[in-house]
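Hello,

Here is the structure you asked about. Please open it and keep it in view while you read my notes below.

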Amino acid sequence: MTDVFQKAKIIFIYNSLKDEVHTKSLIDKWKTEKTFYFPVIDNNNLQFRKYTSDGNMNKSSLGIYEPEGDNFTDYKKVDLIIVPGVAFDRKMNRLGRGKGYYDRFLPKLSAPKAGICFDFQLRDQIPSETNDIKMDYIISENEIIW
């Protein structure tokens, strides 16, 4: 996974909520070498917009800070997407918050999908459905699965 991240130039990543793995320090460390895009809920669909600075963000109705600007749609240029989740399992399944935003969006990308989580969120098995999109990597505090 580290090799995939090192080579990636355009990364879709989330702006973490209080109960998610925090992404801010990773973004701050790499923002001069990589271009990060944050998710935005637009007409009940997940879109991504370029993150330029914290001052260029608006608080959404869900309480998430989202970047201003245009939606990024050249999905072939995306090198990696880092995905949040409520839980993941060792079979590469992801359990989200129930709205299906990522499950509807992820089929648009061919880029590797990496779920990141705390150790307590990684299980041997979680419920999954046929429309759930599997991760290519799952990274917890003490484990990397691919």
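Predicted model: local features only at pLDDT ≥ 70, side-chain atom pairs only at ≥ 80, totals over all residues.

Start with strand 9, residues 113-116.

Strand 9 has a partner in strand 6 (residues 80-83). The two pair in the parallel sense, over three bridges. Look for V83, which stands opposite G115. Strand 9 also pairs with strand 11 (residues 137-139). Here too the strands run parallel, joined by three bridges. I116 has I139 in strand 11 as its bridge partner.

**The largest pocket**

Next, the largest pocket. Its volume is about 600 Å³. It is lined by 28 residues. R94, G96, R97, Y101 and Y102 lie nearest its centre. Strand 2 (35-42), strand 8 (94-95) and helix 3 (101-105) each give two or more residues to the lining. By class, the lining has 14 nonpolar, six polar and eight charged residues.

**Two positive phi angles**

Two residues to look up are N43 and M92. N43 has a positive phi of about 50°, although it is not a glycine. N43 sits in the loop between strand 2 and strand 3 (45-50). M92 is not a glycine either, yet its phi is positive, at about 80°. M92 lies in the loop between strand 7 (87-89) and strand 8.

Which of these is buried and which is exposed? N43 counts as exposed because its relative accessibility is 69%, and the cut-off is over 50%. M92 is buried because its relative accessible area is 11%, which is under 20%.

Best wishes

How values were computed
Residues numbered from 1 in each chain as written. Heavy atoms only, no water. 1 Å grid on protein atoms, 1.4 Å probe; cavity = no way out; pocket = protein on both sides within 12 Å on 5 of 7 lines; lining within 4 Å. Points joined across faces, edges and corners; volume = space filled by probe spheres on them. Helix = DSSP H or I, 4+ residues; strand = E, 2+ residues; numbered from the N terminus. Nonpolar A, V, L, I, M, F, W, Y, C, P; charged D, E, K, R; others polar. Buried < 20%, exposed > 50% of the residue type's maximum accessible area, 1.4 Å probe, protein only. Pairing = 2+ DSSP bridges.
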